[in-house]
Amino acid sequence: MSVYWAEYAWLPEGLAESVSIDVDGGVIRSVAVSAERSGNVLPGLTVPGFANAHSHAFHRALRGRTHHDRGTFWTWRERMYAVAARLDPDSYYRLARGVYAEMMLAGYTSVGEFHYLHHGPGGVPYDDPNAMSAALSAAAQDAGIRLTLLDTCYLSGGFGWKLDEHQRRFSDGDVGAWAERAATFTPKSDLVRTGVAAHSVRAVPPGALRVVAQQAAGRPVHVHVSEQPAENRDCMAAHGRTPTALLAETGMLGPSTTAVHATHVTEADIRLIAGMRARVCFCPTTERDLGDGIGPARALADAGVRLCLGSDSHAVVDAFEEWRALELNERLASGSRGRFELAQLYSAATDHASIGWPEVGRIEAGAAADLVTIDLDSVRTAGTDPAAALYAATASDVRAVLIAGKAVVSEHRHLRLEAPEAVLRSEIEALLKA
């Protein structure tokens, strides 16, 4: 058993001071408030680990490289395809390991990897058809982060469109082949779990959506939804209903479902998502990077929809930035402050259940011991109210991270991967020169 003493901690009931946290076997056994200082001291604010509910690890190679010619969505997509075309299992492992280490340094303790880069060039399967899944799993295991591999079905290039040459690597050809391949992948680590995803209603026809929903079998199921207005228009033209309504008809909406983005859902869609008890994942830094718009977070929350957060394309990897943007984007859209209570923002930022880790995300007895300690003495956080320090902090203020009771970040340094920044630099430069 290990004892940790937190100067301040965010507990289910709110901020507490001088908190003793007893950990054994990766699980919190007891929590005591106003405890005497003893054991391993965590100076600053200790919070539950953050959940990154939506990630495309290979998009990290695009950071700072898609803004030429003013950086439209289409120039971004072409560069994304170019990076995807150069990855193989070995290079994807090396890149993803650096990406996951960066996430941990930013306070994330779990990640949902929306994984659709399955095959080799031209869509030719590797000898191991799950080689890319295995690469991501190994990368997460070596970095030390919890991973939910959301194996993603991708069958068409749009409503009734064939796949283009870039998209063939994403596809198994038909939904039966996707289901068969995905079912054969078995994680080799207790820190890796699986779920399923449909890329979008554009990329997965209605009949195939039903199969994806059936394959979930109680596991997390994720899907991009109404990311751009054009998706709504095209879906209405093809099917006479919104993407959300189509998902509901095909069994894709339910308590295990997370609709990613939902930037342009209608009022009727919001009622439908709430009625099916599904979640919505906002990815504010990517949504603003791509110019997608500001989603109706407050309206969704008012309808009873649970919200979670992801860094998506990793234009920024900073859990605090996603957290703040949920509130600050609402302020911009509404013209008023105080759109979310602090506890609601914590809930969204620490919703690990959305990616299949319901035991994570709370500092209480019986919860997994995933803890993040934030420096309250940096130039950014000095003098702030500890309860609201996350409004001031950045990823640079993450002092320590424990995952399943094991230290993976200490004094701002990743303990398993030396110099993640050098790993990322070398891997990205190698990809772009390939």
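The backbone oxygen of Asp312 lies 3.2 Å from a polar atom of the side chain of His314, and His314 is found, like Asp312, in the loop between β12 (306-309) and α11 (319-334). The model is predicted, with local features needing pLDDT of at least 70 and side-chain atom pairs counting only at pLDDT 80 or more, whereas totals for chains, interfaces and linings use all residues. Residues are numbered from 1 along each chain as its sequence is written, and side-chain values use heavy atoms, with hydrogens and water left out.

**Asp312**

- Asp312 is buried without a salt bridge, and the nearest side chain of opposite charge, that of Arg202, is 11 Å away; buried means under 20% relative accessible area, exposed over 50% and partly exposed in between, with a 1.4 Å probe and protein chains only.
- A salt bridge here is a side-chain nitrogen of Lys or Arg within 4 Å of a carboxyl oxygen of Asp or Glu, and for charge Lys and Arg count as positive and Asp and Glu as negative, while His and the chain ends are not counted.
- The side chains of Asp312 and His261 are joined by a polar contact of 3.3 Å, a term for a pair of N or O atoms within 3.5 Å in which, within protein, one must be able to donate a hydrogen and the other to accept it, and residues adjacent in sequence count only if both atoms are side-chain atoms.

**His314**

- His314 is buried, with a relative accessible area of 0%.
- Leaving aside neighbours within four places in sequence, His314 is in contact (heavy atoms within 4.5 Å) with residues including Asn52, His56, Arg60, Val99 and Met103.
- The C-alpha atoms of His314 and Met103 are separated by 9.4 Å, although the two residues are 211 apart along the chain.

**Helix α8**

- In helix α8 (residues 267-275), Asp269, Ile270, Ile273 and Ala274 are buried, helices being DSSP runs of H or I with at least four residues and strands runs of E with at least two, numbered from the N terminus.
- Seen down the axis of α8, the buried residues fall within an arc of 135°, so they line one face of the helix; the arc is that of the directions from the helix axis to the C-beta atoms.
- The face turned away from the buried side of α8 carries the exposed residues Arg271 and Gly275.
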